[in-house]
Amino acid sequence: MSTVHTAESVAAGHPDKVCDQISDRILDRILERDPHARVAVECAVKTGLVVLLGEVTADTRPDFTAWTREILAEIGYDRDGLGFSGEGAGVVSAIEAQSPDIARGVDRDGDIGAGDQGIMIGYACDETEALMPAPQHYSHRIMARQAELLHAGELPWLRPDAKCQLSVRYDGDRPVGLDKVVVSLQHAPDADPARDRETVMDALLRPVLPEGWLPEPERILINPTGRFVIGGPKGDAGVTGRKLIQDTYGPQQPHGGGAFSGKDPTKVDRSAAYMARYAAKNLVAAGLARRVQVRLAYAIGVAEPVMVEVATFGTGTADDNRLAGALREVLDFSPAGCIATLDLRRPVFTGTARFGHFGRDGDAFTWERTDRTEALRAALT
């Protein structure tokens, strides 16, 4: 049976992603100074203004304004003429200490209780080498390529904001090509990316997509509105945590609802979501299923999860309940276990706030390791 699945990604310069990166840059700078800090920072941006909201309890004196301007310049908002710049933006902070009621639930006689109730979902599949769904994976790779082109100056008309949406054709459950591509690129006033189609395809699309995946030209839409000069926080307001679905696996998978950026690892919204991905990816890498969804749930102040469930959609080599039991045997899903297993008290989070939290390479992304495959196989024997 032939189907089409669609997913999207946005550039690092998109206003919502700007907010995610500000939140995570503040988190990283605090963790550099105090790895046990409690941080929950959110952000909103609009033309010329950054508003910081949340709670921080740390053994350091944060410089929120400097860190905010630092990351804005790195993203590409480093000069006048873009409608928004790191140097020119006003930074307003409404950040307080963590509520003692929440702290009471997290600090549990040397252990760590969950900082809130919540449901976290991890997923992995064998559609790509990264064990990610193809639509979400390649959408992110296109936006990562946009950032490379922007910072290298290879397309002088390119500006920081952009969006990509891919509709992938499936034969059964296997991705076989693209049905439609939508790319919107912020550009200089005197440029027209829609008329420079071959340059966009050669520089942005072909280096990222599998060979033969591009559809016929009429199914590739480049800047379909015809003009995208005003972008970033001048064109639209941004808020931390508003791109949850593309941060994870795309619209084909459910989401528990908790955002990641700006939260220290005692928040299970983040640490347990990473652990769920780690569990799902290791099950797939171990050959125990071709598609795996791992579902966790927590109660505030309680260390052990109240739910560990597995769904393999008929692709598992063992019963889903047995696979869930193997995960419980091999992995520690308590907040302290997630933090220790994935080494999460490090300043590694800014990079997660752009191009997706999963399916990534590098030492920062410990939840992408597949080092528990043998242990999981042994737990099933």
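S2 is found in strand β1, where helices (H or I, at least four residues) and strands (E, at least two) are DSSP runs numbered from the N terminus. The model is a predicted one, so to speak of local features requires pLDDT of at least 70, side-chain atom pairs count only at pLDDT 80 or more, and totals for chains, interfaces and linings use all residues. Residues are numbered from 1 along each chain as its sequence is written, and side-chain values use heavy atoms, with hydrogens and water left out. At 61% relative accessibility, S2 counts as exposed; the cut-offs are under 20% relative accessible area for buried, over 50% for exposed and partly exposed in between, with a 1.4 Å probe and protein chains only.

Strand β1 brings us to an open sheet of 4 strands, ordered β1-β8-β9-β10 and mixed in its pairing. Two strands are taken to pair if DSSP finds at least two bridges between them. The edges belong to β1 (2-10) and β10 (220-222); each has a single partner strand, so one side of each is left without a neighbour in the sheet. Ignoring direction, neighbouring strands here are turned by 15° against each other on average; axes are lines fitted to C-alpha atoms, for helices over the stretch in contact, and angles run from 0 to 180 degrees between N-to-C directions. Inside the sheet, β8 (residues 158-171) and β9 (residues 174-187) run antiparallel and are joined by 11 bridges. A162 stands opposite L185 of β9.

A second open sheet has 3 strands in the order β7-β12-β13, with antiparallel pairing. Its edge strands, β7 (118-125) and β13, each pair on one side only, and the twist from one strand to the next averages 15°. Strand β12 (residues 291-298) pairs with β13 over 5 bridges in the antiparallel sense, and A297 has M307 in β13 as its bridge partner. Helix α8 (residues 268-285) lies across β7, β12 and β13 and runs at about 30° to β7; contact here means heavy atoms within 4.5 Å.

Now for the helix pair. The axes of α1 (residues 15-33) and α2 (residues 64-75) come within 9 Å and cross at roughly 125°. That makes α1 oblique to α2, given that angles under 35 degrees count as roughly parallel, over 145 as roughly antiparallel, 65 to 115 as roughly perpendicular and the rest as oblique. Residues making the contact include V18, I22, I26 and I30 of α1, along with F64, W67, I71 and I75 of α2.

T315 lies in the loop between β13 (307-311) and α9 (320-330) and is buried, with a relative accessible area of 18%. A polar atom of the T315 side chain is 3.1 Å from the backbone nitrogen of R291. Neighbours within four places in sequence aside, T315 touches L288, A289, R290 and R291. T366 sits in the loop between α10 (335-342) and α11 (373-379) and, at 7% relative accessibility, also counts as buried. With neighbours within four places in sequence again left out, T366 is in contact with Y278, L342, L344 and R346.

Note on methods: A polar contact is a pair of N or O atoms within 3.5 Å; within protein, one must be able to donate a hydrogen and the other to accept it, and residues adjacent in sequence count only if both atoms are side-chain atoms.
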